[in-house]
Every structure is written in C-alpha cells, then in structure tokens.
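This report examines a single protein model. The sequence and structure are shown first.

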Amino acid sequence: MNAVSTVDPRDGHRRATDLTETDESRLEVIAGQASQAAQWLSGLGRLGRAEMLDAIAASLESRRVDLVAAAEAETGLSHARLDQELTRAAVQFRMFGDVLRDGGYVEAAIDHAADTPLGRGPDLRRMLVPLGPVAVFGASNFPFAFSVAGGDTASALAAGCPTVLKAHPSHPLTSHASADAIQSAIRDIGGPEGVIATVYGEQAGRSLVRHPTVRAAALTGSVGAARAIQAAIDERADPIPLYAELSSVNPIVVLPGAAADRGDQIAEGLFASFTASGGQLCTKPGLAFIPSDPGGEHLVDVLRGSVAASGGTVLLNERIRDAYEDQAAAFERAGARVSARSQGDPGAGFTAAPRLLEVGLPGLTAEIADECFGPLMVVVRYQDVADLDAVLATIPPSLTGSLHCGPSDDAAVVRRLVDVFAAHSGRIVFDGYPTGVRVSWAQHHGGPWPSTNAVHTSVGATSIRRFLRPLAWQDAPEWILPEELRDGYAAIPRRVDGRLESAVE
C-alpha cells in the first residue's frame, strides 16, 4: 500500500504520515460495515440521530485546539479562519439535530381510503426515507465545513445514511483527526463501526463510487473532479446520483448611484471578499461591473490601493498556486490589463500575489468571464447600465449574483438585473458580498450548471433532501408503518387528506 504524505503550503515541505492509501480489500470491509450501520441508524430514529449529531458537535469542539493546529499546518489558512470554520462545522451538526426534531423534512403525507371521482381510492401514506450509504468527497478549501466534518456528512447522517468519506490529499491528517472525533462520539453512544469511515487515495475514491453498496455521492470541487467521479459512476450497472458543487464566477454589479454614494465602502468590501482565504472560496466574486464615471473611478482607485498595499497569500497547494498563475496570465492574453498587483514580499511556499485586472465591457470575453481560484478579481467598466442585461446573460451561471444600488438608481433597472440574476444564479445578494454562506433553514447554496449539477443545495436544512428518497405504503397495516405515518401521531407537521396539519407539542 502506498503511504500518504502531507505538505505544509507555507514552506512547501512534504512530510510522511502513518496513513496509507485504502486498498480494495479494506474498501470491501468498510462497505460491509456501512451497510450494517444503516440498520443501526434507522433504529435510532429521528430523535436518536439528533442526539448523535449533538454528541458529534461536542466532540469536535472538545478537540478544537488539535484540529485547528492540524488544519493550519496542512492548509496555510489562518488560525482565526479555521477556528471559525470548526465552529461552523459544529453548528451544522446541531442544526441538523433541530431539523430531525422538527420532522417536517420527511414530508409525511396521508390519504385515507375514500371514494373519489375515479372510484374507491386505497389508503396511501408517503414519506422520505434514507437512500443508504453515501460517498462524500472532501474539499481542499474547507478542511472542516466541506470535508470530513462538513455539511455533507452532517446532512447524510441526519438522513440516516452511513457516510464514507474520501479524504482530500491536501489535508489527510486533518481528515483523520476529524473522523476520529466523530467516531469517538458515535462509539460513546453505542454505535457500531461503519457509521462513518474515511478512505485515502484517488483509486479508492473511484472504487468507492463504483461499489454497489454506495447509493449517492457528494462533491465540492472542480468540474474536472466531477467528470472523473461521474465517469467512475457510469461504470456501474445501476446509476447513482452525484451532487456536485463546482465552478462559480459570482458577478457583482455596482450601479452608478451606489458607486457615488458609498464608493469607499464598496471598494473595502470587494477587496475583503475577493481576497478572503486567499480567494479560495466558491463564492468569491470574480467579476465586478463598475461604471465608467467619476464615482466608479474613485471606487476603483481605492480598490487599486488596497490591492497594491496587500501582501502575498499562501494558497492551499502547489497545483492551485500554479493554476492561479496560469489563469491570471491567460486573462491578460485575452485582453484584461493589470490594474493593480500586490507589492508585498511573495514569501515562501505556495504563495501568490493578489491581482486586480480590468477590462472594458466590450472586451469581456468568455476566456475572461471564467472562475479563477485565488485572489484575483476582474473589474469590468461599463458606460451604460442598459448594456449590462445582455452581457450578464452570457456569463456562466453562478452560485450567486450580487447587486449594489443607491437611492438614485432606477427601480426598473434594478428589477431587470434581478430577473437576469434569478435566471442564472441560486442566491441574489443585495448591497453585500457573496462570501459568507449562512448555515440556516432558508439558505440555498447551489445554482445552474456549471456552478452545480443539481437543483439541491449543499448548505442549509434542505440539503438533507439529497440523501432521501420517497416511499409510499398502500393499504399497509398500522404496525408496519413508520410512526410518522400512523394515525394519531402529531409530533411533526403532516399533510392529511390534502390538509396541512401542524405539529402538536
């Protein structure tokens, strides 16, 4: 078996670990344990799984110091950012505990046997049930919140699905430590092996999604990674869904009134948003449409100054750093000029300089209107607001679209731009910035291809829907029904004979 190594991106030094890539025999064991664990998770019920998720959150928090230190050494992300991210991971587990206690997510519906215009209708009862074991691929840029201890894991376990995680090669030790924290919590409540497991190595990832035990897969990563996983899934005799969150340029439009009213403030927010975490966020704004007028010029001047005064930023790994440099050069070849570049010391390891590029609206090409993973943003200068509608419709759909407007901006213009964003994104941000994805019931973190390949969200309460399927019982005896579908059960909201009934506490 091949050994697994880790690299500190701050200095580029590679270190050996005690971990090894997962071979086929070990994968078979893991798959078998996951299959058996599905029965245990089902037996826990909603409330038992809610307690399990709370215990996992507490276990993660109890190991905060060691987990954050491991992630800092493997990602180069700041201690403060990682500490906050670990809190977010714990919050996600606890939120899904609340989702389970609420119970509305199962979409329970009951139609009692009755006479209908088409004759006598049978008794029908329907709810969502777990898919079975699922595969989750950890993301490079979120070692906690979108990795082993991430929202995909939390929502899958909440749904009742054992979870096998493919550790990202950028942070194998963090993945191992996170899995140990989760497994410890599960063992403490009497859980078996197989509720959660981790595999290492690209071949293990491909073998995982081909295994007949696995019933779905989730990924936060690149389009290339999604295509590779989908190719492995296509080798199966039976298809399974892949829920992938992928590429997003996240355009921001600043209208003339907003630029004139609060140009300094917007420049500050844009700089913070596109350079946060080294620009390695799926919600980083890649394109900012700014007017070619005095207000817009002042805004861009302030933005240039912030970029020039910034220092180099450590990127997650060598591949990401090299891709960032290559794409920045490609943007320049396509006609975008360098408006500002960090003048700070580039530093050691996989360090890159933040860049601000600029192009006129007529010069915005498909090559420039693409995601660049890293601290780069393209300012697109426009003369007439009326020209924006058509251009925005040609940009690849994104997770988000953002709009800054002022009191003097025409409401009809705002409405038209919102209509464009509504057709080409999953979240519309007003007078703000797309970075920062709230973990909540109303959140939607998704969008049309290529931002995702599905209609589902990967953040928020409804992300649990990815790992459930509908099942109906016809004329079933009550004793065989799940308690959520039995007459007289009132602990969750249900639709009974067409009428929505609220839960009774």
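## Basis

The model is predicted: local features need pLDDT of at least 70, side-chain atom pairs count only at pLDDT 80 or more, and totals for chains, interfaces and linings use all residues. Residues are numbered from 1 along each chain as its sequence is written, and side-chain values use heavy atoms, leaving out hydrogens and water.

## Nonpolar cores

A nonpolar core is a set of buried Ala, Val, Leu, Ile, Met, Phe, Trp, Tyr and Cys residues joined through side-chain atoms within 4.5 Å; buried means under 20% relative accessible area (1.4 Å probe, protein chains only). The largest such core has 105 residues, of which Ile56, Phe93, Leu255, Phe289 and Leu364 touch the most other members. Helix α3 (residues 79–102) supplies the largest share of this core, nine residues. Helices (H or I, at least four residues) and strands (E, at least two) are DSSP runs numbered from the N terminus.

Leaving aside residues up to four places away in sequence, Leu364 is in contact (heavy atoms within 4.5 Å) with Leu287, Phe289, Val359, Ala369, Val380, Val391 and Ile395. A second, separate core of 23 residues includes Leu27, Val209, Val214 and Val223.

## The seven-stranded sheet

Seven strands form an open sheet of mixed pairing, in the order β15-β17-β18-β13-β12-β19-β20; two strands pair if DSSP finds at least two bridges between them. Because β15 (337–341) and β20 (425–430) are edge strands with a single partner strand each, one side of each has no neighbour in the sheet.

Strands β15 and β17 (residues 355–360) run antiparallel and are joined by four bridges. Arg337 has Glu358 in β17 as its bridge partner.

Definitions and conventions:
Buried < 20%, exposed > 50% of the residue type's maximum accessible area, 1.4 Å probe, protein only.
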